[in-house]
Amino acid sequence: MHRVLITDNLSPAGLKVLEETDGIEVDVRSGLSPEQVREALHDADGIIIRSGTKLTPELLAGQPRLKVIVRAGVGVDNIDLAAATREGIVVMNTPAGNTTSTAEHTIAMMMALSRNIGPASQSMREGRWDRKKYTGTQLAGKTVGVMGLGRIGQSVARRCRGLEMTVLGYDPFISEEKAAEQGIELYRDLDEMITKVDYLTVHTPLTDETRGVINAARIATMRQGVRIINCARGGIVDENDLADAIESGQVAGAALDVFSSEPPPEDSRLRSLPQVLCTPHLGASTDEAQEQVALEAAEIITAYLLRGE
Ligand code: NAD
Ligand code: MLT
């Protein structure tokens, strides 16, 4: 029997596949402390996680039975890849299952930010009828810059084109042809692109190159009243610099689904600024995306453990 530990919420469809697979035994445990995860890993051949479980070097050391980690989702930044490699543990993800849902969430955030949906809804709940206060801005005719033109960035870019926006993109790795096919005006220089946009949306992983890449110095070169959206990873946009720029009026508003520390502290400045729309890391939280990533995770972990594929 191969034992698969699951420490974050996994859609029932994925659990069913695992439970019905001969040779696989499932151990579902949520809300574990790091120490409890370490202990549970002693008896696991594989583990499936989302973003809630952090697999640090301390947890991965001394786990001779553990062969494979599967991330039901895209980002593997909650797994210490160097430690996994050192310990001979394979790491896999399910990269495509939540692309559409995350792109849709980005567009929802962009629209809600432009039309003050969050504060206007809250004001009505509080008994007010403030029509003038919540006048918004139209997306059609505006220019959006998409930083990172991978699966989600391209999907967002296509949707922005459908909204009659001019779409600029920055990604050092995508081909000119691929960008042109999708009506994206490609830039190889981030500093050049960001001076031309009304909206900036980031869709890269968080790496040494992207951490804090949207910072005070860059924000200062952007158009006054720019709006910034981050549905990728907290920390790509420097949070303190963003809060300063919103307070100074350089940035008109921001929509954030991800934070450098999750959950962000209750007294974080970004949580309290009225120009900031926040969601608690919901980009991939749809029934469809969760079912898709859970099914893919179940398939790849069973293929690896049972057939070495
Ligand atoms: P992807 O790998 O398909 O695309 C990432 C793109 O970023 C690639 O095209 C790559 O060339 C580009 N890139 C890398 N470094 C760059 C740099 N320094 N400057 C510009 N571009 C750079 O990944 P994806 O599936 O599109 O996911 C994008 C991000 O969204 C990831 O951080 C992922 O973890 C995150 N994500 C968040 C949610 C959520 O719930 N909010 C859901 C899914 C994915
Ligand atoms: C991802 O990287 O896939 C997202 O952060 C969504 C998730 O939390 O699974």
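Predicted model: local features only at pLDDT ≥ 70, side-chain atom pairs only at ≥ 80, totals over all residues.

Me: What does strand β7 do with β8, and how many bridges join them?

Reply: Strands here are DSSP runs of E, at least two residues long, and helices are runs of H or I, at least four, numbered from the N terminus. Two strands pair if DSSP finds at least two bridges between them. In this case β7 (residues 166-170) runs parallel to β8, with three bridges.

Me: Which sheet do the seven strands form, and what is their order?

Reply: You get an open sheet, β8-β7-β6-β9-β10-β11-β12, with parallel pairing. β8 (185-187) and β12 (276-278) are at the edges with a single partner strand each, so one side of each has no neighbour in the sheet. Ignoring direction, neighbouring strands are turned by 15° against each other on average.

Me: Where does α7 lie?

Reply: Angles run from 0 to 180 degrees between N-to-C directions, with axes fitted to C-alpha atoms, for helices over the stretch in contact. Contact means that the C-beta atoms of two residues, placed from the backbone, lie within 7 Å. Here α7 lies across β6 (143-147), β7 and β9 (199-202), and runs at about 165° to β7.

Me: And what is the order of the open sheet of five strands?

Reply: That one reads β2-β1-β3-β4-β5, with parallel pairing. Its edge strands are β2 (24-28) and β5 (90-93), each pairing on one side only. Five bridges join β1 (residues 2-6) to β2, and Val4 has Val26 in β2 as its bridge partner. Helix α1 (residues 12-19) packs on the sheet, touching β1 and β2, with its direction at about 140° to that of β2. Helix α13 (residues 287-307) lies across β1, β2, β3 (46-49), β4 (68-71) and β5, at about 165° to β4.

Me: How does the domain assignment divide the protein?

Reply: Domain bounds come from an automatic or database domain assignment. It gives domain 1 (2-97 + 287-307) and domain 2 (99-278). Their contact takes six residues from each of the two domains, and the C-alpha centres of domain 1 and domain 2 lie 31 Å apart.

Me: Why does ligand 1 lie between the domains?

Reply: Both domain 1 and domain 2 give residues to the shell around ligand 1, so that ligand lies between them. A residue counts as near a molecule if its C-beta atom, placed from the backbone, lies within 6 Å of it. Of the 31 residues around ligand 1, Gly75, Gly148, Gly150, Ile152 and Gly283 come nearest. α7 gives the most to this shell, three residues.

Me: Which residues surround ligand 2?

Reply: Its surroundings are Arg50, Ser51, Gly73, Val74, Gly75, Asn98, His281, Gly283 and Ala284. For sorting, Ala, Val, Leu, Ile, Met, Phe, Trp, Tyr, Cys and Pro count as nonpolar, Asp, Glu, Lys and Arg as charged, and the others, Gly among them, as polar. The shell around ligand 2 then splits into two nonpolar, six polar and one charged.

Notes
Residues numbered from 1 in each chain as written. Chains lettered and ligands numbered in written order.
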